[in-house]
Amino acid sequence: MPREEEGLKFYRCNTCGNLMFVMIDPNVRPTCCGTGMEILDHIHGTEGSEKHAPIIEFNQNDTTVQVGLQLHAMEPEHRIEWVALTDGERVEIQKLGLTTPPVVKFSKMNENGKVRAYAFCNIHGLWQSEK
Ligand SMILES: [Fe+2]
């Protein structure tokens, strides 16, 4: 059974670093490099959320996502690697460089349903929020 109402699932290959997401979940564990990929569990409502929880803002012509009420650090050893946004019909993912703050402008999302944002910290893992 598809479970897209739960949002996206992200998987990582611990051998090669491959990253993938599943939008419609058939409950099959994807494989890479000949072995099952590790699911990235969402973290929310726990310690550190003020620097990691994505904040979604609906604007007139776009949707912005800011990572953390206090912007997360963007240093080589500790940074936000990517941010993703979905309204259930469309997914956008932005990789982040070290020179830009973790604030991303996405397309205007369909605000009638749930919009979910994800941010991946190389140390503290995957964070999710919804609006
Ligand atoms: Fe972090």
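Student: How many salt bridges are counted between domain 1 and domain 2?

Tutor: The count between domain 1 and domain 2 is zero salt bridges. This is a predicted model. To count, a side-chain nitrogen of Lys or Arg must lie within 4 Å of a carboxyl oxygen of Asp or Glu.

Student: What polar link is counted between domain 1 and domain 2?

Tutor: One residue pair is in polar contact between domain 1 and domain 2, with both residues at pLDDT 80 or more. On the side of domain 1 that touches domain 2, the elements giving two or more residues are β1 (9-12) and β2 (19-22). The residues of that side divide into six nonpolar, one polar and four charged.

Student: What makes domain 1 and domain 2 count as being in contact?

Tutor: The cut-off is heavy atoms within 4.5 Å. Eleven residues of domain 1 and 13 residues of domain 2 are in contact. The assignment places domain 1 at 1-40 and domain 2 at 42-130, and their C-alpha centres are 19 Å apart. Between them the domains bury about 940 Å², of which 72% is on carbon and sulfur atoms. Leu8, Phe10 and Leu40 lose the most area on the domain 1 side, together 49% of what that side buries.

Student: What makes the pair Asp25 and Lys9 a salt bridge?

Tutor: Their side chains meet at 2.7 Å, N to O, and the limit is 4 Å. The pair therefore qualifies. By this rule the count comes to eight salt bridges.

Student: Why does the pair of Asp25 and Lys9 tie together separate parts of the sequence?

Tutor: Asp25 sits in the loop between β2 and β3 (31-32), while Lys9 belongs to strand β1, so the pair joins parts 16 residues apart in sequence.

Student: Which atoms are called donors of the iron ion, and how do you know?

Tutor: A donor here is an N, O or S atom within 2.8 Å of the metal. His52 (NE2), His72 (NE2), His78 (NE2), Cys121 (SG) and His124 (ND1) lie 2.1 to 2.4 Å from the iron ion, so these atoms meet the cut-off. Their spacing along the chain is H-x19-H-x5-H-x42-C-x2-H.

Methods: Residues are numbered from 1 along each chain as its sequence is written. This is a predicted model: local features need pLDDT of at least 70, side-chain atom pairs count only at pLDDT 80 or more; totals for chains, interfaces and linings use all residues. Side-chain values use heavy atoms; hydrogens and water are left out. Domain bounds come from an automatic or database domain assignment. Buried area is the accessible area (1.4 Å probe) that two parts lose on being put together, summed over both. A polar contact is a pair of N or O atoms within 3.5 Å; within protein, one must be able to donate a hydrogen and the other to accept it, and residues adjacent in sequence count only if both atoms are side-chain atoms. Helices (H or I, at least four residues) and strands (E, at least two) are DSSP runs, numbered from the N terminus. Ala, Val, Leu, Ile, Met, Phe, Trp, Tyr, Cys and Pro count as nonpolar, Asp, Glu, Lys and Arg as charged, and the others, Gly among them, as polar. Donors are N, O and S atoms within 2.8 Å of the metal (3.2 Å for Na, K and Ca); water is not among the atoms, so sites may look incomplete.
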